[in-house]
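This report describes the strand pairing, helix packing and nonpolar cores of one protein model. The sequence and structure are shown first.

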Amino acid sequence: MHVWGIDLGGTKIEGVILDPACPESPIARLRLPTESAQGYEHVLNQIVRVVFALEEESRSPRPSWIGIGTPGTIEPRTGQLKNSNTQCMNGMPLRDDLEKLLKTGFRCANDANCFALAESTLGAAKGEGVVAGLILGTGVGGGLVVGGHILQGLHGIAGEWGHNPMRGEATPCYCGRSGCVETVIAGPSLERFFLQVSGRSLPLKQIAELERAPHAAATLQRLQEKFGEALATMINILDPDAIVIGGGVGNLPLLYEEQTRKEILKHTFNAELKTKILKPALGDSAGVFGAAMLTLETS
């Protein structure tokens with residue numbers, strides 16, 4: 001059985017057709033720019049173009065259901081997108097509009113939920129019962145999968161650890177609050193901290209390469225300590241079997257070091273930490289693969 005998925009990102013829209021039994025060899029896969037600066041209607045048209053292109057490349061008609069991973073989430077009560085950092089999408093009935101345009105059903109989930117679903121069914125956490133999939137990059141997000149199914153929550157925000165407040169932090173967040181996890185350990189937030197202490201502006205990858213230099217060491221130590229504090233909150237509430245970390249910041253080896261586990265344990269309501277903390281196995285494919293896997297949840 002072939003499944004279709006679309007990953008709606010801030011800069012690109014990716015589409016895929018795959019066989020879940022053989023995900024490493026997609027039947028079709030392509031990308032178009034999102035071009036969100038041109039507005040909501042343009043983004044809709046770009047998604048439609050991706051669907052038509054998948055049809056053409058695969059030479060097969062579109063299915064009854066297509067999965068789509070979105071920035072932000074669909075508000076269950078209104079059907080409108082919310083909490084998207086691609087702000088032209090907020091307040092818009094994305095799913096309804098796509099179904100009208102394409103005469104096809106759409107199964108939608110937050111991009112972090114798609115990441116979690118892919119890694120728990122096809123990737124690093126395959127076979128684990130309760131999985132948290134965390135996105136730690138330009139922003140901070142998260143998704144939860146229980147028994148192979150996404151946990152959406154009453155408000156559609158289950159797993160959104162990036163907007164929990166952190167002790168002693170007060171940096172304003174785009175969400176309208178201050179001191180969110182995202183304002184502390186997202187990539188741009190760490191780069192901003194390094195600029196403040198060093199007077200130099202560097203991308204996080206270069207900061208990590210300077211790990212022995214005092215200001216770089218201070219930045220990485222802040223990441224390790226604050227990540228431990230933030231992640232412990234999720235563990236205390238959910239107690240997942242495995243946590244998979246995606247995003248650019250998630251590539252840093254220090255997040256998987258024993259010292260990081262010690263930082264988590266400092267704030268965990270338990271004497272030991274058994275939780276598996278895993279690197280993703282699917283790389284950049286996780287979001288669009290997870291979107292495709294959403295269609296299996298409709299059956």
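## Basis of the values

The model is predicted; local features need pLDDT of at least 70 and side-chain atom pairs count only at pLDDT 80 or more, whereas totals for chains, interfaces and linings use all residues. Residues are numbered from 1 along each chain as its sequence is written, and side-chain values use heavy atoms, with hydrogens and water left out.

Helices (H or I, at least four residues) and strands (E, at least two) are DSSP runs, numbered from the N terminus. Two strands are said to pair if DSSP finds at least two bridges between them.

## The five-stranded sheet

An open sheet of mixed pairing is formed by 5 strands, in the order β10-β9-β8-β11-β12. The edges are held by β10 (149-150) and β12 (276-278); each has a single partner strand, so one side of each is left without a neighbour in the sheet. Helix α3 (residues 111-121) packs on this sheet and touches β8, β9, β10 and β11 (242-246), contact meaning heavy atoms within 4.5 Å. The direction of α3 makes about 45° with that of β9, where axes are lines fitted to C-alpha atoms, for helices over the stretch in contact, and angles run from 0 to 180 degrees between N-to-C directions.

Strands β8 (residues 130-136) and β9 (residues 140-146) pair in the antiparallel sense over 7 bridges, and the hairpin that they form has 3 residues between them.

Asn-113 is found in helix α3 and counts as buried at 2% relative accessibility. Residues up to four places away in sequence aside, Asn-113 touches Gly-142, Gly-143, Leu-144, Ile-150, Gln-152 and Ala-158.

Helix α7 (residues 214-238) lies across β8, β9, β11 and β12 and runs at about 155° to β8. Ala-216 lies in α7 and, at 1% relative accessibility, counts as buried. Not counting residues up to four places away in sequence, Ala-216 touches Phe-194, Ile-207, Leu-210 and Glu-211. Ala-216 and Leu-204 are 12 residues apart in sequence and 9.3 Å apart in space, C-alpha to C-alpha.

## Helix α5

Helix α5 (residues 187-198) has 12 residues and reaches 16 Å from its first C-alpha to its last, close to the 16 Å expected; the expected span is 1.5 Å times one less than the number of residues. Gly-187, Ser-189, Leu-190, Phe-193, Phe-194 and Ser-198 of α5 are buried. Seen down the axis of α5, the buried residues fall within an arc of 165° (the arc of the directions from the helix axis to the C-beta atoms), so they line one face of the helix. Their cover includes α4 (182-185), α6 (204-209) and α7. Gly-199, which follows α5, has a positive phi near 80°.

## Nonpolar cores

A nonpolar core is a set of buried Ala, Val, Leu, Ile, Met, Phe, Trp, Tyr and Cys residues joined through side-chain atoms within 4.5 Å. The largest has 36 residues, of which Leu-136, Trp-161, Ile-185, Leu-223, Phe-227 and Leu-231 touch the most other members. Two or more residues each come from β8, β9, α4, α5, α6, α7 and β11, and α7 gives the most, with 9 residues. Leu-223 touches Ile-185, Leu-190, Val-249, Leu-252, Leu-254 and Leu-255, not counting residues up to four places away in sequence.

A second, separate core of 26 residues includes Trp-4, Leu-8, Ile-66 and Met-89.

Strand β2 (residues 12-18) has 6 of its 7 residues buried, so it is largely enclosed by the rest of the structure. Strand β1 (residues 3-8) pairs with β2 in the antiparallel sense over 6 bridges, and a hairpin joins the two through 3 residues. Strand β3 (residues 28-33) also pairs with β2, antiparallel and over 6 bridges. Ile-17 in β2 stands opposite Trp-4, and its bridge partner in β3 is Ala-28.

Note on methods: Buried means under 20% relative accessible area, exposed over 50%, partly exposed in between (1.4 Å probe, protein chains only).
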